[in-house]
Protein chains: 2
Amino acid sequence: MKQVNVFEAGSFSDQSFTRLLVHDSPYMKILNFNYRPGQQMPVHSHDIEGQVSLVILEGEGEFLGGPEPIPVKAGDVLVCDIAEPHGLRARTDVRLLVTIAPPI
Amino acid sequence: MKQVNVFEAGSFSDQSFTRLLVHDSPYMKILNFNYRPGQQMPVHSHDIEGQVSLVILEGEGEFLGGPEPIPVKAGDVLVCDIAEPHGLRARTDVRLLVTIAPPI
């Protein structure tokens, strides 16, 4: 069993969002991204099979990728295809946990 | 894109832990379990391929399955094989997010 506390291991930076690789295996990849207000995960997509879940652990922001930004907040679990455009903009400090399966 | 707020959709019960199916696809299954103090996910395992992540969204408790209970708290991301014994006991109210890939 692997154990990582992302509240302790994940940092914030005024320069850009931070990225922590929590887990990588043939089954899933887990990443923790932390954003200061205004920082964002640019909209992107990959033309491959699989899905990505975005779990908002703390904070508030907006999901990007659709025609309109969609408000998101702590407790939100977002799931989309990896091939579907997805991104996130932080309105407050945001701790995000991303799980990709199968991993890319 | 699917969006579920587990802080709002997930409930607690004094009778037993609660279970909310957040997402099920060929790629991953996501469940939210909520526990009152003392409630637990009994130790279990399945003799199949794949991994399970346990994300402690809120609260404190103990991971079960090894020789000794392991303290866990909010922000912890635990990953183990589905074939590896795993369980959880809550010490406070605990909100747990479980992701299984590939889904079972």
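Student: How many residues of chain A are in contact with chain B?

Tutor: Start with the term. Two residues are in contact if their C-beta atoms, placed from the backbone, lie within 7 Å. Here, 34 residues of chain A are in contact with 34 residues of chain B. Keep in mind that this is a predicted model, where local features need pLDDT of at least 70, side-chain atom pairs count only at pLDDT 80 or more, and totals for chains, interfaces and linings use all residues. Residues are numbered from 1 along each chain as its sequence is written, while chains are lettered from A and ligands numbered from 1 in the order in which they are written.

Student: Which element gives the largest share of the side of chain A that touches chain B?

Tutor: Elements are DSSP runs, numbered from the N terminus: helices (H or I) have at least four residues, strands (E) at least two. On the side of chain A that touches chain B, S8(A) gives the largest share, with 5 residues.

Student: What residue classes does that side have?

Tutor: Ala, Val, Leu, Ile, Met, Phe, Trp, Tyr, Cys and Pro count as nonpolar; Asp, Glu, Lys and Arg are charged; the others, Gly among them, are polar. The side of chain A that touches chain B has 20 nonpolar, 10 polar and 4 charged residues.

Student: Which strand of chain B is joined to S1(A) by bridges?

Tutor: Strands pair if DSSP finds at least two bridges between them. S1(A) is joined by 4 bridges to strand S8 (residues 76–81) of chain B, and the two run antiparallel. Look at A:Val4: opposite it stands B:Val77 in S8(B).

Student: What makes up chain A itself?

Tutor: Its secondary structure comes to 1 helix and 10 strands. Along the sequence the pattern is β-α-β-β-β-β-β-β-β-β-β.

Student: Is A:Pro71 buried or exposed?

Tutor: Count the other C-beta atoms, placed from the backbone, within 10 Å of a residue's own: 20 or more is buried, 12 or fewer exposed, in between partly exposed. A:Pro71 has 11, so A:Pro71 is exposed. Find A:Pro71 in strand S7 (residues 70–73) of chain A.
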